[in-house]
Amino acid sequence: MSKPLVIVESPTKVRTLKKYIGKTYNVAATSGHIKDLPPREMGIDIEKGFKAKYLQIKGKSKIIKELKAAAANTTEIYLAPDPDREGEAIAFHTADILKGKDRTFKRVLFHELTQRGIEEALNNPTELNYNRYDAQQARRILDRLVGYQVSPLLWKKVQGGLSAGRVQSVAVRIICEREHAIHRFEPEEYWSIGAELKGDGDTTFIAKLTKVDGAKAEIKTGDAAHAMVDELRDNPYKVEKVTRRTKKRNPLPPFTTSKLQQEAINRLRFSARKTMSVAQQLYEGVELGPGEPVGLITYMRTDSTRIANEAAVEAGQFIRDKFGNDYAIDAPRFFKNKNKAQDAHEAVRPTSVFNTPEKVAAYLDEDQRLLYTLIWKRFIASQMQQALIDQVSVGIASGRFTLSVSGSTVRFPGFMTLYTYDEGKKDDDKKQQLPELAEGEALSLINLDPKQHFTSPPPRFSEASLVKELEENGIGRPSTYATILSTIRNKGYVDLVNRYFRPSELGFIVNDLLVANFPDVFNVEFTASFENNLDKVEASEIDYLTLLGEFYASFDKELEEATSHMISVKGVGIETELTCPKCSKEKLHLKIGRNGTFIACNGYPECDYSRNYERDDKGVIHPIEPSFELAEGKVCDKCGKPMLLKQGRYGEFLACSGYPECKNTMGVNGDASSGTGADTGVPCPEKGCEGTIVEKRSKRGKVFYGCNKYPDCSFAIWDKPVARPCELCGAPFVVEKTTKRDGTFLKCLTDGCGFKEPVEKNEEA
């Protein structure tokens, strides 16, 4: 009889585990899921109680063969995929493939890949968790029901290749609704008045006007502000009240997944996906010397702020040794969780506080070092003393006016020695060094400074603030946020402009159609309640088939209605408020064609008016009138007639003035022979080149992508570039490839970078 077999999810873990248990256990990996729903059909039999049809994943035959060989002579199999719902599904499917007479399966949960964590998990195996698997099944089945039935509707009504997803579409809705709020926003003018003052000493400071006649100062116009300045200029100033207090500031808890993503986005400029990729590497094991792989952090997909008592005690000892007793707390500090159902894991923390960032830096790449340092410092800080902040607030009287100023100094830094955080307050006064001021003290006026301001619209979402919004609204789970953010960009529904999300025209259109036709499914409250119900399934409080049945009864009715009544943007289009300028009778409708969105007269074919369009900062649509200027010095290389400079969807291009007899077109640089087409929006990567990459055709008609500055720049590639940086190496763009074996996926062209991400076509990722 051979040794017991431990089966994990990732091949990287095999190396780490063999170091600790290789003498007593065999170790193998599934390399992710080995069974899944079929790729080209829904795979859910609704009539038979939502029975799922699972198939062996294409390309996994070799891995399954190796697993069967590894399990051939053993009756003990320890299933140790990741300790979450997806890991539970992998464990169930692995057990199904390897089931045999007298063979037993135990579930093992590795929360950290250290000797202590591995031995503890193997010594305390559990049974396969049917409730957790049912929760995963419910999510997977519902996503299939939505994706495989709503997406084809979008293909028919809008354009091919689109997708709808239970969570991704709600994320797009949140972004679109924020953009509509920005469009509706009307800025309001207001003024502030600052007074530069001085007491008995030489130090000056700035106090702000806060009250007029005892009420909050609200200055709406410049005239009102300057009238107050005239009055203040002649008034005496006196310190009315000085308030001193010491504020205790507590450290934040160790990271949950979502908080880790938010901090890494804000502090390290990592994307959510990159954060999770690097965290996975730190969890699975890093070699701290030859043949010494060690998992440096605990499992990185968690909603919990719970920490093991021994980890907190270890941190306390480290703090005493490193910083002194003044910085240590008497007993470990623990934090309350918001969600009990997802408390299976600890917070994200270092597996050993003695693996300091300085100690392991030589074994980590730069991204690993930065993220590990963030995780390590946050955890250590959570077990340190409070910071003590001395604050002083000064009220100043000047006739019927009250002015205020405040300042702060750190009395004792406590945890802030290691980790500081922004409380979200923008109070510049706290940065001032105030002189010692006494109540009743007369002050001298140095200067008055009235300033005009305007209220600001609500901000667009960054990656970090969108993750926060999803978390606060209960949309998805932290482990899915990175995929959600990538998916909505890959589908073309949103663009990330200067680190902030903006809906594309396609995003606006699809969102409006989905919200109008599926008011319940793509609703923030519904999506959040479903996530809570998944937690209840895992907690054995509700049955997953009951949950699916209740959902589908409502969804099926909406689907039937939408199939009959959803507007066809390909055909009729969406009515705008604009009247056709050509016939002056019909409304212009927003439509989608082969080259994207445009507006056209609803009176077609009697009226053939159509234009590209743009939106102003209020969201109002404006037609883009075509240009027919003669292109100086450019002649058609087919008929010899002058070329015209025209405006198209992808910018300016040249067209023959002999149209319709001659339909020749070319790029503005005259590269007609290469068949210039759509601009990809990706800057040319050649050093010193200011061109962009455009779609072209070879003389044999094959599509390729090259610089629009040709022949000055000869950069060209066969794969379609996608305007998003590589999340692993930071390359300025990635490319989209399609192969028979792997389907469609994104890939980085940088040598040595292994970034590869599948592009899902039909359903929620």
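This is a predicted model: local features need pLDDT of at least 70, side-chain atom pairs count only at pLDDT 80 or more; totals for chains, interfaces and linings use all residues.
1. Two strands pair if DSSP finds at least two bridges between them. Five strands make up an open sheet, ordered β20-β21-β22-β23-β24, and their pairing is antiparallel. The edges are taken by β20 (574–579) and β24 (621–624); each has a single partner strand, so one side of each is left without a neighbour in the sheet. From one strand to the next, the twist averages 45 degrees.

2. Strand β23 (residues 610–615) pairs with β24 in the antiparallel sense over four bridges. Within that pairing, Glu 614 has His 622 in β24 as its bridge partner.

3. Helix α15 (residues 505–517) lies across β20, β21 (587–593), β22 (596–601) and β23. Relative to β21, α15 runs at about 105 degrees.

4. On the overall layout, the chain is divided into domain 1 (5–128), domain 2 (138–181 + 462–565), domain 3 (189–250 + 387–454), domain 4 (257–383) and domain 5 (574–625). Between the C-alpha centres of domain 1 and domain 5 there are 56 Å.

5. The largest nonpolar core holds 156 residues, and the members that touch the most others are Phe 110, Leu 371, Ile 380 and Phe 518. Helix α5 (residues 130–157) supplies the largest share of this core, with eleven residues. There is also a second, separate core of 26 residues, with Leu 197, Val 229, Leu 232 and Ile 396 among them.

6. Phe 518 deserves a look of its own. Leaving aside residues up to four places away in sequence, Phe 518 touches Val 150, Leu 153, Phe 555, Glu 558, Leu 559, Ala 562 and Met 566. Phe 518 also belongs to a cluster linked by ring pairs, together with Phe 50, Phe 522, Phe 526, Phe 530, Phe 551, Tyr 552 and Phe 555.

7. The model has 16 aromatic pairs by the rule used here. One that you can check by eye joins Phe 323 and Tyr 327: the ring centres are 6.0 Å apart and the planes stand at 45 degrees, so the pair is tilted. Tyr 327, at 17%, is buried.

Terms used: Residues are numbered from 1 along each chain as its sequence is written. Side-chain values use heavy atoms; hydrogens and water are left out. A nonpolar core is a set of buried Ala, Val, Leu, Ile, Met, Phe, Trp, Tyr and Cys residues joined through side-chain atoms within 4.5 Å. Buried means under 20% relative accessible area, exposed over 50%, partly exposed in between (1.4 Å probe, protein chains only). Helices (H or I, at least four residues) and strands (E, at least two) are DSSP runs, numbered from the N terminus. Contact means heavy atoms within 4.5 Å. Domain bounds come from an automatic or database domain assignment. Axes are lines fitted to C-alpha atoms, for helices over the stretch in contact, and angles run from 0 to 180 degrees between N-to-C directions. Rings of Phe, Tyr and Trp (its six-membered ring) pair if their centres lie within 6.5 Å; planes under 30 degrees apart count as stacked, over 60 as edge-to-face and the rest as tilted.
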